[in-house]
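Here is a friendly walk through one protein chain, written for someone who likes to know the cut-offs behind the words. Please keep the viewer open as you read.

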Amino acid sequence: MAQNATIRPQQIERARKLLQDLPEKEDRKTRLEAAELLERDFRKAKEKGYNPRELSQMLKNEGIIIPAYLIKRFFAENGSSSTPQK
């Protein structure tokens with residue numbers, strides 16, 4: 001039979017200090033993941049008359065780099081029959 005492991009008070013204090021001193025975890029996204037999350041917003045912007053290059057530039061001005069080619073992908077996929085397929 002295995003004995004219950006014991007933890008010394010010093011270990012508990014070290015663990016407490018470690019856990020209290022943890023920095024905020026950043027849940028960053030890749031550009032593609034970000035573009036996927038913003039897909040609905042890209043489509044709405046398209047309906048308002050904006051093109052991928054304009055949207056990319058607006059985002060860049062705010063420090064958010066999503067290339068126009070990624071935005072264009074969401075304009076062309078699912079429901080945009082005006083874009084010719086080659």
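## Overall layout

Helices (H or I, at least four residues) and strands (E, at least two) are taken here as DSSP runs, numbered from the N terminus. By that reading the chain has 5 helices and 0 strands, and from the N terminus on its elements run α-α-α-α-α.

This is a predicted model, in which local features need pLDDT of at least 70 and side-chain atom pairs count only at pLDDT 80 or more, while totals for chains, interfaces and linings use all residues. Residues are numbered from 1 along each chain as its sequence is written, and side-chain values use heavy atoms, with hydrogens and water left out.

## Confidence

The predictor's confidence in each residue, from 0 to 100, is called pLDDT. Its mean over the chain is 85, and 86% of the residues reach 70 or more.

Where pLDDT is low, the predicted coordinates should not be read in detail.

## Surface and contacts

Accessible areas come from the Shrake-Rupley method with a 1.4 Å probe, and for residues only the protein chains shown count as cover. The chain's accessible surface comes to about 8,100 Å², with 51% of it belonging to carbon and sulfur atoms. Buried residues (under 20% relative accessible area, with exposed over 50% and partly exposed in between; 1.4 Å probe, protein chains only) make up 17% of the 86 residues. Of the contacts between residues at least 6 apart in sequence, 53% join residues at least 24 apart.

Which residues of α4 are buried? They are Pro52, Leu55, Ser56 and Leu59. These residues sit on the same side of α4, because they cover an arc of only 100° around the axis, the arc being that of the directions from the helix axis to the C-beta atoms. On the other side of α4, Arg53 and Asn61 are exposed.

The buried residues of α4 pack against α3 (39-47) and α5. Take Ser56: its relative accessible area is 15%, so Ser56 is buried. Leaving aside neighbours within four places in sequence, Ser56 is in contact with Ile66, Pro67, Ala68 and Ile71.

Glu47 is found in helix α3 and is exposed, at 71% relative accessibility. The C-alpha atoms of Glu47 and Phe75 are separated by 10.0 Å, with the two residues 28 apart along the chain.

## Salt bridges

Counting a side-chain nitrogen of Lys or Arg within 4 Å of a carboxyl oxygen of Asp or Glu as a salt bridge, the total comes to 5. One of them joins Glu13 and Arg16, with the closest N and O atoms 2.9 Å apart. Glu13 and Arg16 are 3 residues apart in helix α1, so about one helical turn separates them. Glu13 is partly exposed at 45%, and Arg16 is partly exposed at 42%.

Asp21 pairs with Lys17 in another salt bridge, at 3.1 Å between the closest N and O atoms; Lys17 is exposed, with a relative accessible area of 53%. For the salt bridge of Lys29 with Asp27, the closest N and O atoms are 4.0 Å apart.

Methods. Contact = heavy atoms within 4.5 Å.
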